[in-house]
Each structure stands twice: as C-alpha cells, then as structure tokens.
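Hi,

Here is the structure I promised to pass on. Have a look at it first, and my notes follow below.

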Amino acid sequence: MKQQNESRTLSWIVLTAAGIAVTGIGSYFIFLRLPLLPEDLRFLALPAPELDIIRPRLELWLSHVFIVLGGYAVATGVLTIALAATSFRAHSRGAAMGASIGGAASIGLMAVVNFAIDSDFKWVLLGIALLWGCGLGLFWWEARSARPNG
C-alpha cells in the first residue's frame with residue numbers, strides 16, 4: 001500500500017523538475033554562456049578603453065570559470081533528480097533535509113546573488129528556487145497528511 005502512495009506523490013515530481021531546471025542552467029553555462037554579457041558590463045561600469053585592456057584575459061578566465069560552475073550545476077541537478085526519485089520519493093526525512101540544504105546552497109544562493117547584482121536572469125532563477133521550495137513544501141504536506149490522525 002505504501003508503495004502505491006509513494007508513486008502518486010507530487011513532491012518528488014516537482015523536485016525532479018527543479019533538478020532538471022538546474023541541470024539546464026549548468027548546460028547553459030557550459031555550452032552557451034558568453035564570458036561577458038551586457039549585464040556584466042553594466043555591473044563593471046568601466047569605460048570601454050579600460051575594459052579593452054583586460055578583456056581578452058578576462059574573457060578567457062571567465063570561460064573557464066563558467067565551465068566549472070556549469071559542471072557543478074549539472075552535478076547538483078542530476079543528484080537532485082536521483083534524490084527526488086529515490087529517498088525523497090519514499091519520504092525519507094533525511095532526504096528532505098539534504099534537499100533543503102542543497103537547494104539553499106545552490107539555486108537559493110544563486111537567486112539571492114542575482115537579485116543583489118540586478119541580473120537580467122534574477123526572476124528565472126527565483127522561479128526555479130520557488131519550484132524547489134514548492135517540492136519541499138509538498139514533501140512536508142504529504143508527510144503530514146500520511147500520518148495517522150493527521
């Protein structure tokens with residue numbers, strides 16, 4: 001009976017969707033992200049001649065940084081998907097705690113920083129963070145609903 005209920009829960013599906021989105025972010029950073037976006041240049045607020053002096057080396061450096069960042073985001077997303085489909089789906093409280101900490105440290109922190117720097121992507125990242133949070137909220141709601149007399 002418990003196995004049947006586990007397959008019908010929404011929390012693991014929502015957390016899986018968040019994991020897929022984070023994997024997508026990582027893929028974007030690895031394969032598509034330019035070293036310097038218009039928002040980066042706005043944030044730097046350097047006159048063009050000053051930027052031109054360091055631009056080639058900065059772009060090379062940032063290309064490497066974004067590949068590494070993307071790899072970590074892909075890893076976070078893939079591990080989130082695996083966690084969601086296994087222990088989280090089985091309503092392991094330890095899995096929920098891990099997903100909470102992992103979400104806060106990854107997409108949560110990324111969303112906060114992107115608001116701090118007024119990124120063009122801040123709302124997309126907030127949406128993914130809220131999707132992650134929704135999966136966690138559903139987990140606790142499902143766990144509470146499954147308790148006898150709950």
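Let me start with Asp40: its relative accessible area is 17%, so it counts as buried. Keep in mind that this is a predicted model. The partner of Asp40 is Arg33, and their side chains form a salt bridge with N and O 3.1 Å apart. Arg33 is buried too, at 13% relative accessibility.

By the rule used here, there are 4 salt bridges in the count. Another one joins Glu59 and Arg55, at 2.8 Å from N to O. These two sit 4 residues apart in helix H4, which means about one helical turn separates them. Glu59 is partly exposed at 25%, and Arg55 is partly exposed at 26%. Then there is Lys122 with Asp118, where the closest N and O atoms are 2.2 Å apart. In that pair Lys122 is buried at 15%, while Asp118 is partly exposed at 48%.

Now for the largest pocket. It holds about 500 Å³ of space and has 23 lining residues, with Phe29, Arg33, Glu39, Asn114 and Ile117 nearest its centre. H2, H3, H4, H5 and H6 each supply at least two lining residues, and H3 gives the most, with 4. The lining is made up of 18 nonpolar, 2 polar and 3 charged residues.

Cheers

How values were computed. Residues are numbered from 1 along each chain as its sequence is written. This is a predicted model: local features need pLDDT of at least 70, side-chain atom pairs count only at pLDDT 80 or more; totals for chains, interfaces and linings use all residues. Side-chain values use heavy atoms; hydrogens and water are left out. On a 1 Å grid over the protein atoms alone, a cavity is a set of points where a 1.4 Å probe fits but cannot get out, and a pocket is an open set with protein on both sides within 12 Å along at least five of seven lines; lining residues have an atom within 4 Å of a point. Grid points are joined across faces, edges and corners, and a volume is the space filled by probe spheres set on the points. Ala, Val, Leu, Ile, Met, Phe, Trp, Tyr, Cys and Pro count as nonpolar, Asp, Glu, Lys and Arg as charged, and the others, Gly among them, as polar. Buried means under 20% relative accessible area, exposed over 50%, partly exposed in between (1.4 Å probe, protein chains only).
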